[in-house]
Amino acid sequence: MAQRNTVQQKIIAGQLAKLHGSHPTADEVYQSMKDEYPSISRATVYRNLNKMSDNGQALKVRVSSGADHFDDTLRPHYHVVCAKCDRVDDVEVDLPSNVTESLDKATAPGFTITGYELLFCGLCSACAQERQE
Ligand SMILES: [Zn+2]
Ligand SMILES: [Zn+2]
């Protein structure tokens, strides 16, 4: 059983790498592989992606309006989410090191802070075009 889990996790990690840059949701990962791997269930894909994010093998991008997105790019970086279709993409931004240092030193009474998430919002080009038409 343990071995089967490892094999499945490898396949799912490989699939996430194949979708590199597209920040898929767990369901999108499942849809992209279900024909090739009919024995892997949707629940298994969800469980493994969440496990990978807990273990630091994938980034999870939480979007308030919908499902979590996953990313195999592990270096720290920021994301933008489309207000209309929930598409997630990378943001190029240069935060001065004194800003990130301040964020790292943030405190809140009654909390142990373990990290922070910075999410940009906007419209993707497809949705921006639709709005103009
Ligand atoms: Zn969009
Ligand atoms: Zn990313």
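Q: How are the donor residues of the zinc ion (ligand 1) spaced in sequence?
A: Keep in mind that this is a predicted model. The zinc ion (ligand 1) is held by the SG atoms of Cys 82, Cys 85, Cys 124 and Cys 127, at 2.3 to 2.4 Å. Write those donor residues along the chain and the spacing reads C-x2-C-x38-C-x2-C.

Q: What geometry does the site of the zinc ion (ligand 1) have?
A: Let's look at the angles. Ideal angles for four tetrahedral donors are 109.5 degrees. Here the 4 donor atoms make angles of 104 to 115°, and four donors count as tetrahedral if all angles lie between 85 and 135 degrees. So the site of the zinc ion (ligand 1) is tetrahedral.

Q: Which residues does UniProt list under the feature "binding site", and why do they gather at one spot?
A: The unreviewed UniProt entry puts that feature at Cys 82, Cys 85, Cys 124 and Cys 127. They span 46 residues in sequence, but no two of their C-alpha atoms are more than 8.1 Å apart, so they gather at one spot. The names to remember from the entry are Cys 82, Cys 85, Cys 124 and Cys 127.

Q: Is Cys 124 buried or exposed?
A: Not counting residues up to four places away in sequence, Cys 124 touches Cys 82, Cys 85 and Arg 87. Its relative accessible area is 13%, and buried means under 20%. That makes Cys 124 buried.

Q: What is the relative accessible area of Cys 127?
A: Cys 127 sits in helix α5. Leaving aside neighbours within four places in sequence, Cys 127 is in contact with Cys 82, Lys 84 and Cys 85. Like Cys 124, Cys 127 is buried, and its relative accessible area is 7%.

Q: How many of the 5 residues of strand β3 are buried?
A: Strand β3 covers residues 78-82, and Cys 82 in this stretch is one of the zinc donors. The strand is largely enclosed by the rest of the structure, because the number of buried residues is 4 of the 5.

Q: Which strand runs antiparallel to β3, and which runs parallel?
A: On the antiparallel side, 4 bridges join β3 to strand β4 (residues 88-91), and His 79 stands opposite Asp 90 there. For the parallel pairing, 4 bridges join β3 to β5, with Cys 82 opposite Gly 122.

Q: Which residue in the turn of the β3 and β4 hairpin has a positive phi?
A: The hairpin leaves 5 residues between β3 and β4. In that turn, the residue with a positive phi, about 70°, is Asp 86.

Q: What arc do the buried residues of helix α2 cover around the axis?
A: In α2 (residues 26-33), the buried residues are Ala 26, Val 29, Tyr 30 and Met 33. They lie on the same side of α2, because the arc they cover is only 100°. An α-helix has 3.6 residues a turn, so residues three or four places apart point the same way. The value asked for is 100°.

Q: What is the relative accessibility of Pro 24?
A: Pro 24 is in the loop between α1 (2-18) and α2. Beyond its neighbours within four places in sequence, Pro 24 is in contact with Leu 16, Leu 19, Val 29, Asp 68, His 69 and Phe 70. Pro 24 counts as buried, at a relative accessibility of 3%.

Note on methods. Residues are numbered from 1 along each chain as its sequence is written. Chains are lettered from A and ligands numbered from 1 in the order in which they are written. This is a predicted model: local features need pLDDT of at least 70, side-chain atom pairs count only at pLDDT 80 or more; totals for chains, interfaces and linings use all residues. Side-chain values use heavy atoms; hydrogens and water are left out. UniProt positions are given in the numbering used here, feature names are shortened, and annotations may be inferred rather than shown by experiment. Buried means under 20% relative accessible area, exposed over 50%, partly exposed in between (1.4 Å probe, protein chains only). Contact means heavy atoms within 4.5 Å. Helices (H or I, at least four residues) and strands (E, at least two) are DSSP runs, numbered from the N terminus. Donors are N, O and S atoms within 2.8 Å of the metal (3.2 Å for Na, K and Ca); water is not among the atoms, so sites may look incomplete. Four donors count as tetrahedral if all angles lie between 85 and 135 degrees; four count as square planar and six as octahedral if opposite donors are over 155 degrees apart and all others between 65 and 115; anything else is irregular. Two strands pair if DSSP finds at least two bridges between them. The arc is that of the directions from the helix axis to the C-beta atoms.
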